Every structure is written in C-alpha cells, then in structure tokens.
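Trainee: Could you take me through this one and show me what each label rests on? I'd like to see how a value gets set against its definition.

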Amino acid sequence: MKIVILLYEGFTALDAIGPYEVLARLPGAELTFAAARAGVVTSDTGFLNATATAGIDEVREADILLVPGGPGDEGVRAHAPTLDWLRRMHERTTWTTSVCTGSLILGATGLLTGLRATTHWAFFDELRSFGAEPVKARAVESGKIVTAAGVSAGIDMALRLVQRIAGDDFARGIQLGIEYDPDPPFDAGSPEKLPPEMVELVRTFGRTARARRAAGA
C-alpha cells in the first residue's frame, strides 16, 4: 500500500499529519512525503518543519495520494510541474485525496471539474471556480477522488478510507488507538453556529495570513 503525501512551503501541518497518523497504520503501508524538491519544508505557522524524503520527479505512482491545504496552496496552484505530476499520479492511484484547501490544488489540475467536492468553508467560491460542486460535508467521495473539509476533517476522511480498504473493525481499531473521540469545549465548528461578525473575523484573519505569505512576510 503506497501512500504519498505532498508537502510544500506553507502547508497546514494537521492537514498532512492527521491523515498520516491514520493511514500509516494500514497493513503494508509504505509512506512517502514528497515535495517539488526533497528536503526540509516549513509549515504555514513557520514553527514546524517536515522533511520531504523524495522529490516529485522521483515518485511515479501511489495507491493513495494526499494533498494537504494551507496558505501555500496558491504557490502550488501556479507551479505547473507539480500540477502535471498530480495529473500523472492520479492516472495510477486507487484514491486521490485532499484536505482543506488541498482541493483547490486538485481543482487547478482540472481533476474536480463536474465533481462534488468539499474544502474549508471559507473557500467554497474558489472551489466552485474550478468547476466543482461544493458540498458541505466532512468528507465527499466522487469516484476515486475524496476531498475533506477544513483541517481536522482529514482524520475523518482517512478513517473512511481505512474503512473502505480494510473494513469497519480495522477502522474502529485505529480510531480507538489514536483516541479520536472529539469533545470540543464549544459547538463552534461551522459558520452556521456563530454570529456573522465572528465568521467575518475568521475570514479576515485567513485573508491576512495569505496576503502576508504572498508578500513574503
């Protein structure tokens, strides 16, 4: 079971590491972190570094391909070699997946045209601009493409993949093993549950973070 997770400057750590903690436990899992070039890659906060063990030119196939999101996605969407690589990889995958704004990267490849998909709630309009039909759900399966909503939803998606691949009991066992039993202090995980001014504050924070990255700050 070959699992490839794309890394890039400005990826959101949990988008990649959450699913990794689940998928790495599949029987026979062989996991590769790949980036445009092998080496250290910095997450969106600037505090966490991850190591890409291979450059994309070294990776030619995967059973599961995962594309995380993060403010660095804009740079990836403009990087033709990575988009071409994703298209080639998709031809050989069993599952092509994304978390959060990773679906915008898939959208930039043209792979989501005409498909139901999801992403972080703040980016539904951008997802729609790539010809996808945005769906409000933790995970959306469209053929062999599975997209997850914002950040933590990647864990849900990965558990669903394990369920499809190895069965209900194995997926339940992994969920228990990682003690994934969410009990947050607030019922505030979607924009419908908070006042509009707070939703707009979160949108503004996200736009500011992306603008700073684009300006090289």
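Mentor: Let's start with Cys-100, which sits in the loop between strand E7 and helix H4. Residues are numbered from 1 along each chain as its sequence is written, and side-chain values use heavy atoms, with hydrogens and water left out. This is a predicted model, where local features need pLDDT of at least 70 and side-chain atom pairs count only at pLDDT 80 or more, while totals for chains, interfaces and linings use all residues.

Trainee: What makes a stretch a helix or a strand here?

Mentor: Both are DSSP runs numbered from the N terminus: helices are H or I over at least four residues, strands are E over at least two.

Trainee: And why is Cys-100 called buried?

Mentor: Buried means under 20% relative accessible area, exposed means over 50%, and partly exposed is what lies in between (1.4 Å probe, protein chains only). Cys-100 comes in at 7%, so it counts as buried. Its phi deserves a look too: near 55°, a positive value in a residue other than glycine.

Trainee: Is Glu-179 buried or exposed?

Mentor: Exposed, because its relative accessible area is 68%. For the in-between class, take Leu-14 in helix H1: at 37% it counts as partly exposed.

Trainee: Which residues does Leu-14 touch, leaving aside neighbours within four places in sequence?

Mentor: Contact means heavy atoms within 4.5 Å. By that test Leu-14 is in contact with Pro-19, Val-151 and Ser-152. Leu-14 and Val-151 are 137 residues apart along the chain, yet their C-alpha atoms are separated by 6.1 Å.

Trainee: Back to H4, then. What makes you call H4 mostly covered?

Mentor: Seven of its eight residues are buried; among them are Gly-102, Leu-104, Ile-105 and Thr-109. They pack against E6, H2, H3, E7, H5 and E11. After H4 comes Gly-110, with a positive phi near 90°.

Trainee: What covers the buried residues of H6?

Mentor: The cover includes helices H1 and H7 and strands E6, E7, E10 and E11.

Trainee: What makes a group of residues a nonpolar core?

Mentor: They must be buried Ala, Val, Leu, Ile, Met, Phe, Trp, Tyr or Cys residues, joined through side-chain atoms within 4.5 Å. The largest such core has 58 residues, and Val-4, Leu-7, Phe-11, Leu-23 and Trp-85 have the most contacts inside it. H6 gives the largest share of this core, seven residues.

Trainee: And the pockets: how do you know that a space is a pocket, not a cavity?

Mentor: On a 1 Å grid over the protein atoms alone, a cavity is a set of points where a 1.4 Å probe fits but cannot get out; a pocket is an open set with protein on both sides within 12 Å along at least five of seven lines, and lining residues have an atom within 4 Å of a point. Grid points are joined across faces, edges and corners, and the volume is the space filled by probe spheres set on them. The largest pocket holds about 1200 Å³. Its lining has 39 residues, and Cys-100 is one of those closest to its centre, together with His-120, Trp-121, Gly-150 and Val-151. H8 supplies the largest share, eight residues.

Trainee: What is the make-up of that lining by class?

Mentor: It has 20 nonpolar, eleven polar and eight charged residues. Ala, Val, Leu, Ile, Met, Phe, Trp, Tyr, Cys and Pro count as nonpolar, Asp, Glu, Lys and Arg as charged, and the others, Gly among them, as polar.
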